[in-house]
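The following note sets out comments for a colleague who has the sequence and the coordinates to hand.

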Amino acid sequence: MTAPFTPSEIWYLLSRIPKGCVVTYGQLAEMAGAPGYARVVGNILKQLPAGTDLPWHRVINGKGQISFPDGSSRYNLQKLRLEQEGVAISSGKINLKAHQWHGE
């Protein structure tokens, strides 16, 4: 599936997510003008260069969860970074009402 947006458009939106906030993959796709392209957003984020300054850890799945397997090193890193920004994770879920960014 070819996306109607470029990786750099997703990177730009990603760079705007404030500390302590999260967005879903689907929400990022919608913000880029392409609802339904959540998987493409996920694939773009998978290709971020190691050591990037972009806040990839602020993107979660539509269920309010970290997408990496629970207990994996990437899961633990994302959880740590979110918690350091004040995002509470309870029973593996993030309260979207409290932490979801709506692009203001």
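Leaving aside its neighbours within four places in sequence, which residues is Tyr-75 in contact with?

1. Tyr-75. In this predicted model, Tyr-75 is in contact with Ile-66, Phe-68, Pro-69, Asp-70 and Gly-92, once neighbours within four places in sequence are set aside. The residue belongs to helix α4, which covers residues 73-84.

2. Overall architecture. Five helices and four strands make up the secondary structure of the protein. Read from the N terminus, the order of elements is α-β-α-α-β-α-β-β-α. The radius of gyration is 13 Å, close to the 13 Å given by the globule rule for 104 residues, so the protein is as compact as a globular protein of that length. The C-alpha trace spans about 35 × 30 × 20 Å along its principal axes.

3. Burial and contact range. Of the 104 residues in the protein, 38% are buried. Considering contacts between residues at least 6 apart in sequence, 65% join residues at least 24 apart.

4. Surface and charge. The accessible surface amounts to about 6,200 Å², and carbon and sulfur atoms account for 50% of it. There are 11 positive and 7 negative side chains, with the centres of the two sets 5 Å apart.

5. The largest nonpolar core. This core has 21 residues, and those with the most contacts inside it are Phe-5, Ile-10, Val-41, Leu-45 and Val-59. Helices α1, α2 and α3 each supply at least two residues of the core. The greatest contribution comes from α3, with four residues. A second, separate core has eight residues, among them Val-22, Ile-66, Val-87 and Ile-89.

6. Helix α3. Val-40, Val-41, Gly-42, Ile-44 and Leu-45 are the buried residues of α3. Together they pack against α1 (7-16), α2 (25-31) and β2. For Val-41, the contacts beyond four places in sequence are Phe-5, Ile-10, Tyr-25, Leu-28 and Ala-29.

7. His-57. Where in the fold is His-57 found? The residue sits in the loop between α3 (38-46) and β2 (59-60). Is His-57 buried or exposed? At a relative accessible area of 6%, His-57 is buried, because the cut-off for that class is under 20%. Not counting residues up to four places away in sequence, His-57 touches Gln-78, Arg-81, Leu-82 and Glu-85.

8. Ser-91. Ser-91 has a positive phi of about 55 degrees, although the residue is not a glycine. Most residues other than glycine have a negative phi. Ser-91 lies in the loop between β3 (89-90) and β4 (93-94). Its relative accessibility is 74%; Ser-91 therefore counts as exposed, the cut-off being over 50%.

Conventions:
Residues numbered from 1 in each chain as written. Predicted model: local features only at pLDDT ≥ 70, side-chain atom pairs only at ≥ 80, totals over all residues. Heavy atoms only, no water. Buried < 20%, exposed > 50% of the residue type's maximum accessible area, 1.4 Å probe, protein only. Contact = heavy atoms within 4.5 Å. Rg over C-alpha atoms; globule rule 2.2 N^0.38 Å. Areas by Shrake-Rupley, 256 points an atom, 1.4 Å probe, with all protein chains shown as cover. Lys, Arg positive; Asp, Glu negative; His and termini not counted. Charge placed at Lys NZ, Arg CZ, Asp CG, Glu CD. Core = buried A, V, L, I, M, F, W, Y, C linked by side-chain atoms within 4.5 Å.
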